[in-house]
Number of protein chains: 2
Amino acid sequence: MRVCVVGCGAVGSLFAANLAQLDDVEVWAYDLTRDHVDAINENGLRLTGAGDVTGHVRATADASALPPCDFGIVATKAMHTESAVAATAHAFAEGAVASVQNGVGNEEAIARHVQRVIRGTTFPAGKILEPGVVQWDVKGETSLGPFEPSPASVGEIERLADACTRAGMPTNAVPDARPAQWRKVVFNAATNPVGALTGLTHGRVCERPDLRALVTALVDEGKAVAAALGIVLDADPEELIDHAARRDVAYDHKASMLQDVEARRQTEIDYLNGGIARFGRELGVPTPLNDMVTALVKALEDSWS
Amino acid sequence: MRVCVVGCGAVGSLFAANLAQLDDVEVWAYDLTRDHVDAINENGLRLTGAGDVTGHVRATADASALPPCDFGIVATKAMHTESAVAATAHAFAEGAVASVQNGVGNEEAIARHVQRVIRGTTFPAGKILEPGVVQWDVKGETSLGPFEPSPASVGEIERLADACTRAGMPTNAVPDARPAQWRKVVFNAATNPVGALTGLTHGRVCERPDLRALVTALVDEGKAVAAALGIVLDADPEELIDHAARRDVAYDHKASMLQDVEARRQTEIDYLNGGIARFGRELGVPTPLNDMVTALVKALEDSWS
C-alpha cells in the first residue's frame, strides 16, 4: 500500500519514518520546506530520542509529483489543512485521508476536497532538530475512526491502523474517534497556551501550583463544552496531564505552541482554545479563561508584525 | 526645603529633575544603579519627550551620604520598597515620606521605618533611555494624602504637593488618597500584565477588541474588590484606559511591566494583580482572571531562571 504524509513536520515525520520500516508500505511525504525535503531524499528521514529509526521516504514539495495513494495522513498545522489538502487531493481520488492534527475542524476542511475521511488523534510528539532529523520526545497512542459526515470504510480504517501499529506507532481503529479527539483538544488547550505564554516546559508548568490550577480551570471549561456536545471523554485529561509531567515522560517537552512562539510562527490557538470557545458560544457554555488565553496568544502573534 | 527621591528610575527621575528646577528645593537621589548615579552627578538628570528639562540633582548609591531631608519620595519598584527605605530612613528622622509607586502595600512597608507617611499615586510615566537620561512619555496628575495608620501632617502634605505643582508636576493634596490609588491599581492591573504577556503597547492592547474585553474583565474584578474595601473610586478606570490609548497620549507607551519583561527583570505583579487577588481572598470577592494573569506573569519570570 502507498501512504502520503501531508505536512512532514515533527508529528508527520514520526508516521512517515516509522511506516517506511514496513516492507509492504511505500511512503511519500508532501512538505513545503525545501531543505527538509532535500535532506529526506538524500539521507532518509531520521528519528532520534524515544526511538531511533531512519526511514526511506520519497519527499516532495511539488504536489503534482505525487502518485495515487491508498492513504493520506494529514499532519500540517491546523491553519494549513485547507491549502495542503486542496493541493494534494488528486492523489487521494481513490484513497482515504486521516487527520492526526491538533484541534477541531481539520476533518471538515479535508472533507471539502476528499471523499473518505478518517478522524484521528495522536499523542506522540517531537520537534524537528535539523532538516531530515526529528527528535521523538514522547511515545503514545493514536486513535482512528470515521469522520461521521463523510466516512472512510471500517476496512480502510482498520488497514491503516494495522500498518501504523506494525510500524511501531500503536493505533486503535475505533467506531467513534470524538472522545479521544476531545480528550486531546482539552489536554492541549489547557497546557499549550500556558507553556507558550510563560516559556515553561510541560513539567515546569505542572509543578507550579498556581499554573496547575489554571490548567485545571481550562480543563474544566473544555470538559463542560465536550459534555454539551454529547461527547463522553474516554479518559480524564487531568490524568494525562499529570502523567505527561513525569520526568520519564514529557517533563522537558516544550508544547508545540511554545515552539511556534519561540520561532515567531503563527500558532494553532484558533483551533484549540479558540475552537473550544467557539463551540462554547454556540452551545451557551461560558469559557472566559479560554477566551482570555486565546486573546493573549493571538495578540502575542500580532506583536511580531 | 530638601527632598530625596528614593529610587531614581523613570518615575523617580520625573520628580527629581522637575523639583530641581525650583530655587527653594534641593534635590537628592538615592539609587543603586552606579552608572545612572555617575551620569546624573556629571551631567545633570535630563528629561526628554513630554517635557525637556535638565535638573541638577545630587545622586548617590551610598545611603550614609544622605543629609537630613524634609521629604522623601519613594519611587522604587514595589518589591524594593522595604530595603530602600530601611537603608535611607535615617535621612527622614525629622521628615515625611511619600510613596508614588505602583500597587498596594508600599506605605505599609515605608511605615515600618519612618514615622510620618504620605500615601501617593502618580500618573506620569516614562522610561530610562540611557544613564542620566529619561524619556517622559506621559504627563499626568499626582495625588498625596495621609497614610491613615501613620500619617504625615496636612501641612506637610500640602507643602510637598505645592512644590511638585510649582515644579511642573501637578499634584493634589487630598484628605483620602485611597480612591486615586485604587483607580491606578485597577488601571495598572488591567493593562500592565496584558502588555507584558503580549508585547503590545498600551494603544495596541486597547485597539484589539478581544484584549480590550479582557482588560474590562480585569477592571471589573478590581472594582469589585475596591468596593468591598469601601473605597469609592474617584474616576472610572475604563475612561482612563481609553484616554491613555489615544495617539496623542500614551498609545506607544510600553507598560512598565512590559519594560521589565523585555529586560527580564522581576515585575510588580505581586503588588498589582497579586494585591487585588489577595484582598479579594480576604474579602470573599472572586478574582479568577487576576489569579490567572498573576500565575502567568510569575511563571514567565520563573522561565528566566
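Mentor: On a 1 Å grid over the protein atoms alone, a cavity is a set of points where a 1.4 Å probe fits but cannot get out. This is a predicted model, in which local features need pLDDT of at least 70 and side-chain atom pairs pLDDT 80 or more, while totals for chains, interfaces and linings use all residues. Residues are numbered from 1 along each chain, chains are lettered from A in the order written, and side-chain values use heavy atoms, without hydrogens and water.

Trainee: How many cavities of 30 Å³ or more are counted?

Mentor: A volume is the space filled by probe spheres set on the grid points, which are joined across faces, edges and corners. By this rule, the count is 1 cavity.

Trainee: Which helix gives the most to the lining of the largest cavity?

Mentor: Lining residues have an atom within 4 Å of a cavity point, and here they include Gln101(A), Asn102(A), Gln181(A) and Lys184(A). The lining draws at least three residues from each of domain 1 (2–173) and domain 2 (178–303) of chain A. With 4 residues, the greatest contribution comes from a DSSP run (H or I, at least four residues), namely residues 178–198 of chain A, helix 6.

Trainee: How large is the area buried between domain 1 and domain 2 of chain A?

Mentor: The bounds of these domains come from an automatic or database assignment, and their C-alpha centres lie 23 Å apart. Their contact (heavy atoms within 4.5 Å) takes 20 residues from domain 1 and 23 residues from domain 2 of chain A. Buried area is the accessible area (1.4 Å probe) that two parts lose on being put together, summed over both. Carbon and sulfur atoms give 55% of this area, which is about 1900 Å².

Trainee: How many salt bridges are counted between domain 1 and domain 2 of chain A?

Mentor: A salt bridge places a side-chain nitrogen of Lys or Arg within 4 Å of a carboxyl oxygen of Asp or Glu. Lys77(A) and Asp260(A) form such a pair, at 3.1 Å from N to O. Between the two domains of chain A, the count is 2.

Key:
On a 1 Å grid over the protein atoms alone, a cavity is a set of points where a 1.4 Å probe fits but cannot get out, and a pocket is an open set with protein on both sides within 12 Å along at least five of seven lines; lining residues have an atom within 4 Å of a point. Helices (H or I, at least four residues) and strands (E, at least two) are DSSP runs, numbered from the N terminus.
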